[in-house]
Protein chains: 4
Amino acid sequence: MMTKDTTTAVLLLSCRDQKGLVAGTSDFIYRNDGNIVHADQHVDAEAGLFLQRVEWELTGFRIPRAELIDAFRPIAEKFGMQWELHFSDYLPRLAIFVSKLEHCLHDLLLRQRMGEFQAEISLVISNHPDLQQLVETFGPQYHHYPITKETKAEQEKKQIELLEEERIDLIVLARYMQIIGGDFVKRFRNRIINIHHSFLPAFPGGRPYHQAHERGVKIIGATSHYATEELDQGPIIEQDVARVSHRDSVQDLIMKGRDLEKVVLARAVSLHVTHRVLVYGNKTVVFD
Amino acid sequence: MMTKDTTTAVLLLSCRDQKGLVAGTSDFIYRNDGNIVHADQHVDAEAGLFLQRVEWELTGFRIPRAELIDAFRPIAEKFGMQWELHFSDYLPRLAIFVSKLEHCLHDLLLRQRMGEFQAEISLVISNHPDLQQLVETFGPQYHHYPITKETKAEQEKKQIELLEEERIDLIVLARYMQIIGGDFVKRFRNRIINIHHSFLPAFPGGRPYHQAHERGVKIIGATSHYATEELDQGPIIEQDVARVSHRDSVQDLIMKGRDLEKVVLARAVSLHVTHRVLVYGNKTVVFD
Amino acid sequence: MMTKDTTTAVLLLSCRDQKGLVAGTSDFIYRNDGNIVHADQHVDAEAGLFLQRVEWELTGFRIPRAELIDAFRPIAEKFGMQWELHFSDYLPRLAIFVSKLEHCLHDLLLRQRMGEFQAEISLVISNHPDLQQLVETFGPQYHHYPITKETKAEQEKKQIELLEEERIDLIVLARYMQIIGGDFVKRFRNRIINIHHSFLPAFPGGRPYHQAHERGVKIIGATSHYATEELDQGPIIEQDVARVSHRDSVQDLIMKGRDLEKVVLARAVSLHVTHRVLVYGNKTVVFD
Amino acid sequence: MMTKDTTTAVLLLSCRDQKGLVAGTSDFIYRNDGNIVHADQHVDAEAGLFLQRVEWELTGFRIPRAELIDAFRPIAEKFGMQWELHFSDYLPRLAIFVSKLEHCLHDLLLRQRMGEFQAEISLVISNHPDLQQLVETFGPQYHHYPITKETKAEQEKKQIELLEEERIDLIVLARYMQIIGGDFVKRFRNRIINIHHSFLPAFPGGRPYHQAHERGVKIIGATSHYATEELDQGPIIEQDVARVSHRDSVQDLIMKGRDLEKVVLARAVSLHVTHRVLVYGNKTVVFD
């Protein structure tokens, strides 16, 4: 990972695998006096797919930032690329969704304050009022949307309005104990990161630590993934695990699991906001 | 773990949790001048179950080995214990089942030769002839039982006869590509260890590395467990995991997985033959 | 780990290895109607040393709590034991020492609030004023002792007075950037836990992440240990590690290391306050 | 990792960081109709160094293999590159050095037979005769060079002659219990891989498991590195670790360590023979 002070541009792209792709983008950057600071690509041979991340310094780059999209478009069209362009000096705006469990939220707030994330936590949304004071100590606004079966659809609509009004780039479900509706998921496709407290695909759904204890596994895990319409089935971004034994009660698993949840969610958020994750099919490529 | 030269006795027991259990066994050993070298117990509070492993030196112990079972029986009956008694100078007799993949078999043979196991590999059974020469270089007999849908029941009957004739204590399925029949499993309840090449309960059944690749997990695993009538559902003894990424093809997962399979199976065998595993319900207690 | 509601007593003892030790304590508890909920022992064969932790429920135990020490003393004297007796309903009183880096402190405060520790964080001592507000939000008092080379001895004396006045049981150096004096260490022998940000004995002393980066290691670590007169040489309680690569700058190591420091320190504190750590020689036995 | 059937060329290069490097090589390949299947680079900002690995398919590539070096030279000279060119259909020739401990040797032989390495194990050199039969079962020649203080220099000279005569590309010290002389090391700079049985830089030199046991660490490790004139100080290629506890005797550490040694050495060899390791200063860049 780079920790340069200069602003960089990041291209994330994918297209059908074909000759000249690496040369195409690197030559475009070189001809315009850009200095590449990170470049990584992946070819999925089965799918015939090429995926790339390339990052270069804007200092001395001959194409003005405002004209960059138009300048690159011909190359993108030539190869039939799907692509995104990001600038490192834009801080992605995050909305964190939380219920009552504070450990993931607290961890994200703290990391942000310590400068670990290149992002801004713009607001926190909760179906409970409990964590308002904590959040406001750290700075972000706290929005309380109580949710019942009856009000859910309507409240989600309001949430979406708020998220769009606030130009939120990424939604982080930090142990948010509500299932997000299909419309909501569609609207923010690949922009909602969830933390599930098991090593998926083992133990999806409710009470995974109870399931793990019941099954007698010797290792537990946590999984961060993009939310999709199917619960706990989205593209996996990051996973980690911890050893347990017969001595661990469900309560012990919950405690040990918290440490996993925190780091696995934080890593996913950090990878996303530095534009290191590309989704294809139901998988991710992580350019770390 | 102890590496004493003296012979020891090991009691493995379980019963309803009640007062005086620890005192009952330790006092029995102490009154007879035994020196305890390992003692560990576990209480499953929900199940109201007490499980214990206690190991003591026979040197200077006042009860002759031949009378030990009778001497302990009154205590066992008083508390309603299920119990086993083992002596460290008896080497459990192992039968390894294998098909064509040699890595787990080879690993077990090598560990046994290097003195890692307190066990004897008495024989190897295979549905293929391929590994005969390898096995015989190491010493054990090689028994070839070709299996088709038609001959399976009959061949298993013959296998069971051989296993009983050879007084086999533990059967190790070292990537044996046949499903063991229900009668076979019943006959050797908690004495058949299988290695499954996934992090169970994720990816049971066939081609787990293909399943893992398809799902896009970031960590793969292996699981050793006692075989039961339900495929890949038995009590888990040991698990381990390894990181993978989008760069790993199915073939890479298979290669990385082999290293997991070897150690996870070897650890399970080693724990079993030193009488450190107690099964209860569908779980294990591992006194390591 | 047990999560009973009833109060328990914990005996931590060590003595010369000899027959009858397990029976001696378990029989004492049993005769007095105690129910053992955890018992573990270790024999260091080379050192000829026996070490034990035994925990039993006080409900129904026939010896009143106030008489327990006197009641056990004859057994302890018979075997020549060094021993400690603890009750689970007494919450050990912690003092956390910190400088400017907040991550370990914050983590401990948060865990305590979430009920992970069976302990009370009574006060925080710092050589800087920066973290006062944070600490007071969580509850503990904040004591600021600025330290210069000239004032160090005097300030430490005041700190010791405060710690004794407040009957502090355990001192936690949560990235405290001062070396504690020899007298201080002696006064709180085996009651000062430090977190060092390397995998000891690699990279002791200053700037271990810089050292690790310079050396090009592929794994970094953190170590919690009891402070002794020799810097970073005390008995190790817990360690953990994380993978790094050539892509990680020193700054990346520092960020990844923080996550290790937090969990490695928290585990050590948790083990200590549940009386699971016994020091002998320059090592620990951890009865987990 | 790629598992293509077609032959590929691999360029490993390093030079002063400057603009146009990525474009320079990728354009060279593209203009000549090459299809890049892997490309990765690293910039060490402090050292001002650019390091790259690029691999492309030769099928359809317009420059004949025999002319490739001359064709690329102008680019290399323009940027002042240090560079190597490899072809995937050349199997590097390995010599394994071993003493009496067979586990690493056996593991490498087995992996090679199972097709895990893109390399040939040409010969095994030992200062003892013990493992001759094992080695010959697998195929390679076994050369026995007994070594005493008096004969060491002379025997090493003979070994070097043999290695050169056999055109050995990589020497693997698989628990070889002799210190290789300075001349030997110089002759095969960055082509001798050693496995050290500790988590370097902790516990260099002799008996690291005894040192680890004495120090009471909670984690042990193994390290593969290129041999240099200074013992156990060379550039680290790979490391891995395993948990241990007070229950583990030195003998247990040795057994657990063996599993680490095997995989850590095998990974280093595999990385080297696929041209994924670049040494700079006393560190490595591993393009995995």
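The legends below describe close-up views of a predicted model.

In this predicted model, local features need pLDDT of at least 70 and side-chain atom pairs count only at pLDDT 80 or more, whereas totals for chains, interfaces and linings use all residues. Residues are numbered from 1 along each chain as its sequence is written, and chains are lettered from A and ligands numbered from 1 in the order in which they are written.

**View 1**

**View 2. The contact between chain A and chain B.** Chain A gives 22 residues to the contact and chain B gives 22 residues, where two residues are in contact if their C-beta atoms, placed from the backbone, lie within 7 Å. On the side of chain A that touches chain B, the elements that give two or more residues are β11 (236-243) and β13 (283-286) of chain A; such strands are DSSP runs of E with at least two residues, helices are runs of H or I with at least four residues, and both are numbered from the N terminus. This side of chain A divides into 10 nonpolar, 7 polar and 5 charged residues, with Ala, Val, Leu, Ile, Met, Phe, Trp, Tyr, Cys and Pro counted as nonpolar, Asp, Glu, Lys and Arg as charged, and the others, Gly among them, as polar.

**View 3. The open sheet of chain D.** In chain D, 7 strands form an open sheet of mixed pairing in the order β7-β6-β5-β8-β9-β10-β11, two strands being paired if DSSP finds at least two bridges between them. Because β7 (141-144) and β11 (236-243) of chain D stand at the edges, each with a single partner strand, one side of each is left without a neighbour in the sheet. Neighbouring strands of this sheet are turned by 20 degrees against each other on average, direction ignored. Between β9 (residues 192-196) and β10 (residues 219-226) of chain D the pairing is antiparallel over 4 bridges, and N194(D) stands opposite H225(D) in β10(D).

**View 4. Helices packed on the sheet of chain D.** Helix α3 (residues 103-113) of chain D touches β5 (93-98), β6 (120-126), β8 (170-173) and β9 of chain D, and its direction makes about 165 degrees with that of β6(D). Helix α8 (residues 250-273) of chain D lies across β8, β9, β10 and β11 of chain D and runs at about 30 degrees to β10(D). Axes are lines fitted to C-alpha atoms, for helices over the stretch in contact, and angles run from 0 to 180 degrees between N-to-C directions.

**View 5. Surroundings of A174(B).** Leaving aside neighbours within four places in sequence, A174(B) is in contact with I96(B), F97(B), V98(B), C104(B), L105(B), L108(B), I195(B) and L265(B).

**View 6. The antiparallel pair β9 and β10 of chain C.** Strand β9 (residues 192-196) of chain C pairs with strand β10 (residues 219-226) of chain C in the antiparallel sense over 4 bridges. Within this chain, I195(C) stands opposite S224(C) in β10(C).
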